[in-house]
Amino acid sequence: MYTHYWRFHRDNMKTEKLRQTFKKASEEIQKLYENLPLFPKTGYYTDRSILIKGGLGEGLPIINETEIWFNGESKLGMDHETFSINWKDEEAFGFCKTARKPYDLLVCLSLLSFLNHYGSEIFQLSSDGDAIEWQEAVDLYNDITG
């Protein structure tokens, strides 16, 4: 199943700096969320709109200075696994199976934001997706964040 993986090396960063950096990343992710296209340009679901909901596939997503928690729209079958990162989580490893559903674009954007803000020594990511599958997210990230 199409999955993205990440690892925080939290012990390499002081708690206050970890929190401050998470806040900056979450502000950027909010901006990315607000600028998502209506439809993904690539992937399996280009005919389905990108509808971001709360972690259970309904309600509002959470994107704030302590937590990122969202999924796709469950009523339309566009949800899969919840994307969730909390700056205080003791678990330093995470993953999210998106099955390439439209919300995958925001998952990729979020992971790019964390990588950009923390750097590869603190935040590492890998994916079942190849460079072509990530290209839309990389291009959109660069367009929005400069």
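The radius of gyration is taken over C-alpha atoms, and the globule rule is 2.2 Å times the number of residues to the power 0.38. For 146 residues this rule puts a compact globule near 15 Å; the chain has 14 Å, which agrees. This is a predicted model, in which local features need pLDDT of at least 70, side-chain atom pairs count only at pLDDT 80 or more, and totals for chains, interfaces and linings use all residues. Residues are numbered from 1 along each chain as its sequence is written, and side-chain values use heavy atoms, with hydrogens and water left out.

**Overall fold**

- The chain has three helices and seven strands. These are DSSP runs, numbered from the N terminus: helices are H or I with at least four residues, strands are E with at least two.
- Along the sequence the pattern reads β-α-β-β-β-β-β-α-β-α.
- Taken along the principal axes, the C-alpha atoms fill a box of roughly 45 × 30 × 30 Å.
- Of the 146 residues, 42% count as buried. Buried means under 20% relative accessible area, exposed means over 50%, and partly exposed lies in between (1.4 Å probe, protein chains only).
- Contact means heavy atoms within 4.5 Å. Among contacts between residues at least 6 apart in sequence, 65% join residues at least 24 apart.

**Nonpolar core**

- A nonpolar core is a set of buried Ala, Val, Leu, Ile, Met, Phe, Trp, Tyr and Cys residues joined through side-chain atoms within 4.5 Å.
- The largest such core holds 36 residues; Phe 83, Ile 85, Leu 109, Phe 114 and Tyr 118 touch the most other members.
- At least two residues of this core come from each of E1, H1, strand E4 (67-72), strand E5 (83-86), helix H2 (104-118) and H3.
- H2 gives the largest share of this core, nine residues.
- Leu 109 touches Leu 32, Leu 36, Ala 137, Leu 140 and Tyr 141, with residues up to four places away in sequence not counted.

**Packing of H1 and H3**

- The axes of helix H1 (residues 15-34) and helix H3 (residues 131-145) come within 10 Å and cross at roughly 105°. Axes are lines fitted to C-alpha atoms, for helices over the stretch in contact; angles run from 0 to 180 degrees between N-to-C directions.
- The two helices, H1 and H3, are therefore roughly perpendicular. Angles under 35 degrees count as roughly parallel, over 145 as roughly antiparallel, 65 to 115 as roughly perpendicular and the rest as oblique.
- H1 contributes Glu 28, Lys 31 and Leu 32 to the contact, and H3 contributes Tyr 141, Ile 144 and Thr 145.
- By class, this contact of H1 with H3 has three nonpolar, one polar and two charged residues. Ala, Val, Leu, Ile, Met, Phe, Trp, Tyr, Cys and Pro count as nonpolar, Asp, Glu, Lys and Arg as charged, and the others, Gly among them, as polar.

- Met 1 sits in the segment before strand E1 (3-8). At 61% relative accessibility, Met 1 is exposed.
- Leaving aside neighbours within four places in sequence, Met 1 is in contact with His 80, Lys 97, Ala 99 and Asp 128.
- Met 1 and Ile 29 are 28 residues apart in sequence and, C-alpha to C-alpha, 25 Å apart in space.

**Loop between E6 and H2**

- Ala 99 lies in the loop between strand E6 (93-97) and H2. Ala 99 is not a glycine, yet has a positive phi of about 55°.
- With a relative accessible area of 15%, Ala 99 is buried.
- Arg 100 lies in the loop between E6 and H2. Arg 100 has a positive phi of about 60°, although it is not a glycine.
- Arg 100 counts as partly exposed, at 23% relative accessibility.
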